[in-house]
Amino acid sequence: MLFREPDRTLPFAAALGGVAIALSLPTAALANNGLNLIGFGAESTAMGGADIGLARDTSALNTNPAGLASLRNLTVDQYIATSYNLDNSHADRFGNNQRSSKRFAWLLGGGIAAPLGATALTIGVGLFVQGGAGASYRNLHTAFGTDDDVSAAFGIVRLTPGIAWQVTERWRVGLAAGLVGATGIQRVFPGTSVTAPAGAFFGAQIDGLQSQRFGARLGAQYAVTPTLTIGAAYAMQVNLPLSNGRLTANMSAIGLGNVRYSDVRLSGLATPREVGLGAAWQLTDQTLLSIEASWLNWSRALRTQRLVARNPDNSAAPAEIDQTVRLDWRNQWVFAVGMAQAINDTTTIYAGINLGRNPIPRETLNPLLAPIGDKHLTFGLAHHLARGWRVSSSLEWQLPARVRYENPQSPFGAGAQERIGYLALLLQLTKQW
């Protein structure tokens, strides 16, 4: 619990019981298939994330690696994206009704791929932000009679080499495997420190958490007919235990001031196992339809989190803080449909929809872990320039979502409410030789 009456033998650990709650969230307000982005690169996003059967640029490294085999020329994709917080807000019974001060978020990504000589193999490498969400609230009214801040930032990035093989005229298979990295920081009422009457609570700040692990994704595509391609993709779960952090606990209420712990570890964060099926159908020479269904195993990836902090700089403070909190996320089905319409030989427009159930139970929701959006509309435009250049863009609208909840691990009381909604714009530049 985030606050309660202090235990006589372990008062500090009891009072710091909720420090880990906010740490499993990303930095950018761009995720909403759980912690994942709905798409990667301009075409993938503009098609609503319906990319498993369609994947045909370097973003295939992070969607369906088999699609890399369709690139028979040296190809470089680079993109930049920004999101604008339309209504990432928190309200509760203490009179708070505040929009997150984190209005904009930015990310970069892209990849490079090329055929391997005269073989049927294509190799590539890409850098992708896997997920992003987050919030920062200033001067919230607390249960302890203070006004204080809560914020968190967490990011997951993939550096992904890959290879694809055009097995036959109809079959393609691919593998992308590389480094998955994560970083995190948070603030939970760092200026607040009380022991009574509401119960012991010591505000805290955590900085510098990071993790690096191996992750892999497999994919296949099959051309049923010259106009219909089906695809399948599988991604392994990647556990991301965070370490090397520093925790500063405000123990002023018991005369210790700010106590700094130099060894902080947070376990229990992971990207989910994913299984997806998709199909891309060239309806006419000008019109392409793509559909996809994906299953994300959040119930295994985000069950509980354990925070352990050691090595305090004050000998009067406890030598170790050890606390576990529940997350209990649910598995998630995501359905996506996208359409591309060629206006002429050089210009294509896109539209898509992405639907996925909110995976977070009301009992474990909190303001800093609230990717509750479940509906996205997307649009896009691509234009071919001379000499192998192409510019493309996507606009993603995460429709407003609202959840009222009661989380016994948080200090916001019954009837707290989270709202979320954003616009995201992505611009991409592609060059083929």
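Helices (H or I, at least four residues) and strands (E, at least two) are DSSP runs, numbered from the N terminus. What you have open is a predicted model, where local features need pLDDT of at least 70, side-chain atom pairs count only at pLDDT 80 or more, and totals for chains, interfaces and linings use all residues. Residues are numbered from 1 along each chain as its sequence is written, and side-chain values use heavy atoms, with hydrogens and water left out.

**Stop one: the largest pocket**

Select Glu 43, Arg 56, Thr 348, Tyr 350 and His 384; among the 30 lining residues of the largest pocket, these lie nearest its centre. A pocket here is an open set of points on a 1 Å grid over the protein atoms alone, where a 1.4 Å probe fits, with protein on both sides within 12 Å along at least five of seven lines; lining residues have an atom within 4 Å of a point. Its volume is about 520 Å³, a volume being the space filled by probe spheres set on the points, which are joined across faces, edges and corners.

Now colour the lining by class: 8 residues are nonpolar, 15 polar and 7 charged. (Ala, Val, Leu, Ile, Met, Phe, Trp, Tyr, Cys and Pro count as nonpolar, Asp, Glu, Lys and Arg as charged, and the others, Gly among them, as polar.) Elements that each supply at least two lining residues include helix H2 (42–46), strand E20 (347–356) and strand E23 (416–432).

**Stop two: along E23**

12 of its 17 residues are buried (under 20% relative accessible area, with exposed over 50% and partly exposed in between; 1.4 Å probe, protein chains only), so E23 is largely enclosed by the rest of the structure.

Next, bring up its partners; two strands pair if DSSP finds at least two bridges between them. E22 and E23 run antiparallel, joined by 15 bridges; pick Gln 398 and you'll find its bridge partner, Tyr 422, in E23. Strand E1 (residues 75–85) also pairs with E23 in the antiparallel sense, over 11 bridges, and Tyr 79 has Gln 428 as its bridge partner there. Strand E2 (residues 89–91) is antiparallel to E23 too, with 3 bridges, and His 90 stands opposite Glu 418.

**Stop three: the second largest pocket**

Over to the second largest pocket, with about 440 Å³ of space. Select Arg 172, Ala 223, Pro 226, Leu 228 and Thr 229, the closest to its centre of the 21 lining residues. Strands E9 (201–225), E10 (228–235) and E15 (274–282) give two or more residues each, and E9 gives the most, with 4. By class, this lining divides into 9 nonpolar, 8 polar and 4 charged residues.

**Stop four: the aromatic rings**

Finally, hide everything but the rings. The structure holds 8 aromatic pairs: rings of Phe, Tyr and Trp (its six-membered ring) whose centres lie within 6.5 Å, with planes under 30 degrees apart counted as stacked, over 60 as edge-to-face and the rest as tilted. Phe 40 and Phe 128 make an edge-to-face pair, 6.3 Å centre to centre with 80 degrees between the planes. Phe 40 is in the loop between helix H1 (11–15) and H2, and Phe 128 in strand E5 (residues 121–131), so the pair ties together parts 88 residues apart in sequence. Both Phe 40 and Phe 128 are buried.

Then try Trp 171 and Tyr 222: their ring centres are 4.8 Å apart and their planes at 45 degrees, so this pair is tilted. Trp 171 counts as partly exposed at 41% relative accessibility, and so does Tyr 222, at 23% relative accessible area. End on Phe 144, Phe 189, Phe 201 and Phe 412, which form one aromatic cluster.
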